[in-house]
Amino acid sequence: MALGRARPRGAAGGGERARLLPQASRLVELPCSSSDDDDDGSDGGMDLPASQLDSAVSCSIPPAPSAFSQCVRHLAFLWNLLFLLLGLLALALGLWGLLAKGSLAGGRLALLGSDPMLLFVLAGLAASAVSMAGCLGALRSSPCLLRFFTGAVLAFAALEVLAALLVLAARHRLRDAVRDALLLCLLRYQDEPDLRFLVDEVQRSLRCCGLGSYRDWEANPYFNCSAPGAQACSVPASCCLDPWQNGSVVNALCATGALRLGDAAAGTVVYVGGCVAQLSAWLRGQAGAIGTSAAVLVLVEAVGVLMALRMLRDITARG
């Protein structure tokens with residue numbers, strides 16, 4: 001009777017495999033199973049040996065990311081966090097400038113498009129959005145965000161290359177464009193505080209006055225000789241050879257009546273040479289620095305793209 005109740009070992013082994021197969025079916029995908037599983041014509045690989053069952057279960061576990069991949073991920077996060085902070089800083093600076101001058105108010109909304117602070121706002125928004133995508137993509141290993149970050153950086157790089165080609169192609173017209181920009185600054189010198197600051201810094205640094213000469217300030221309605229007030233027939237204090245009073249305070253009236261003087265007499269009080277020629281010479285002298293800055297910018301963008309592509313490759317390999 002004892003012999004009648006005993007079961008063969010093969011039957012016991014088959015029952016053990018039958019109990020393990022439902023668990024393995026939840027872990028094993030079809031690409032991980034062997035091509036020899038269906039040789040006997042059975043459905044679902046019910047006759048897998050125990051060794052093949054163990055290897056099939058182990059192949060469902062994704063490989064752990066390497067130390068280098070982890071390092072790239074954290075470095076990409078910190079890299080994009082830095083540029084996110086810089087973008088937010090530029091955005092805050094632009095908004096502060098617009099609010100301080102009241103450019104966002106209804107009465108001056110028409111002048112918003114020509115406000116230089118708008119460039120800080122747009123640049124800050126673009127840098128913040130792209131860097132935020134890079135940060136979240138690195139932190140959450142999101143392929144969608146990483147692809148958006150890569151595409152945006154490549155689009156910016158293409159725009160930079162296009163701008164450089166346009167500058168090279170129209171370099172002969174660049175001087176006229178600079179002259180027009182300086183003329184706009186000259187006409188709105190008293191109306192825009194940021195333009196006034198820019199013009200004063202250019203005239204002090206380059207030791208020049210006006211566009212072609214100091215007499216260009218006659219086009220400004222406040223400095224014209226027919227204008228009322230103490231500034232009539234004058235030029236800005238930044239044109240003065242010695243604008244300081246007592247060595248520490250700027251004398252705003254140091255160039256009073258300079259436009260009534262002849263060139264020789266005016267040359268003893270203010271700079272008589274224009275800023276267009278001085279600025280062109282300065283730009284030619286800074287060509288090496290400008291090229292180095294452009295190369296650094298391209299290198300920064302290339303590093304960000306390479307890190308994003310590396311993370312995308314790791315995500316694809318684990319997926």
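Predicted model: local features only at pLDDT ≥ 70, side-chain atom pairs only at ≥ 80, totals over all residues.

Colleague: How much space lies in the largest pocket?

Modeller: Rolling a probe the size of a water molecule over the atoms shows where empty space is left. On a 1 Å grid over the protein atoms alone, a pocket is an open set of points with protein on both sides within 12 Å along at least five of seven lines, whereas a cavity is a set where a 1.4 Å probe fits but cannot get out; lining residues have an atom within 4 Å of a point. Grid points are joined across faces, edges and corners, and a volume is the space filled by probe spheres set on the points. For the largest pocket that space is about 580 Å³.

Colleague: Which residues are the closest to its centre?

Modeller: The lining of the largest pocket has 22 residues. They divide into 17 nonpolar, 1 polar and 4 charged (Ala, Val, Leu, Ile, Met, Phe, Trp, Tyr, Cys and Pro count as nonpolar, Asp, Glu, Lys and Arg as charged, and the others, Gly among them, as polar). Closest to the centre are Glu 160, Ala 164, Ile 290, Gly 291 and Ala 294.

Colleague: Which helix gives the most to the lining of the second largest pocket?

Modeller: The second largest pocket has a volume of about 460 Å³. Its lining has 20 residues, with Phe 83, Ala 127, Ser 131, Phe 156 and Glu 301 the closest to the centre. Helix 4 (67-101), helix 5 (117-140), helix 6 and helix 11 each supply at least two. The most, 6 residues, come from helix 5.

Colleague: How do helix 5 and helix 6 cross, left-handed or right-handed?

Modeller: Their axes are 8 Å apart, at an angle of about 145° (axes are lines fitted to C-alpha atoms, for helices over the stretch in contact, and angles run from 0 to 180 degrees between N-to-C directions). The contact (heavy atoms within 4.5 Å) includes Ala 126 and Ala 129 of helix 5 and Leu 145 and Phe 156 of helix 6. Its residues divide into 13 nonpolar, 2 polar and no charged. A crossing is left-handed if the near helix is turned anticlockwise from the far one by less than a right angle, and right-handed if clockwise; this one is left-handed.

Colleague: How is helix 8 oriented to helix 10?

Modeller: The axes of helix 8 (residues 193-206) and helix 10 come within 10 Å and cross at roughly 75°. Angles under 35 degrees count as roughly parallel, over 145 as roughly antiparallel, 65 to 115 as roughly perpendicular and the rest as oblique. Helix 8 is therefore roughly perpendicular to helix 10.

Colleague: How are helix 7 and helix 10 oriented to each other?

Modeller: Helix 7 and helix 10 have axes 10 Å apart, at about 130°. The crossing of helix 7 and helix 10 is right-handed. By that angle, the two helices are therefore oblique.

Colleague: What is the volume of the largest cavity?

Modeller: A search of the whole structure finds 2 cavities of 30 Å³ or more. Leu 182, Val 202 and Cys 275 are among the residues that line the largest cavity. Its volume is about 80 Å³.

Methods:
Residues numbered from 1 in each chain as written. Heavy atoms only, no water. Helix = DSSP H or I, 4+ residues; strand = E, 2+ residues; numbered from the N terminus.
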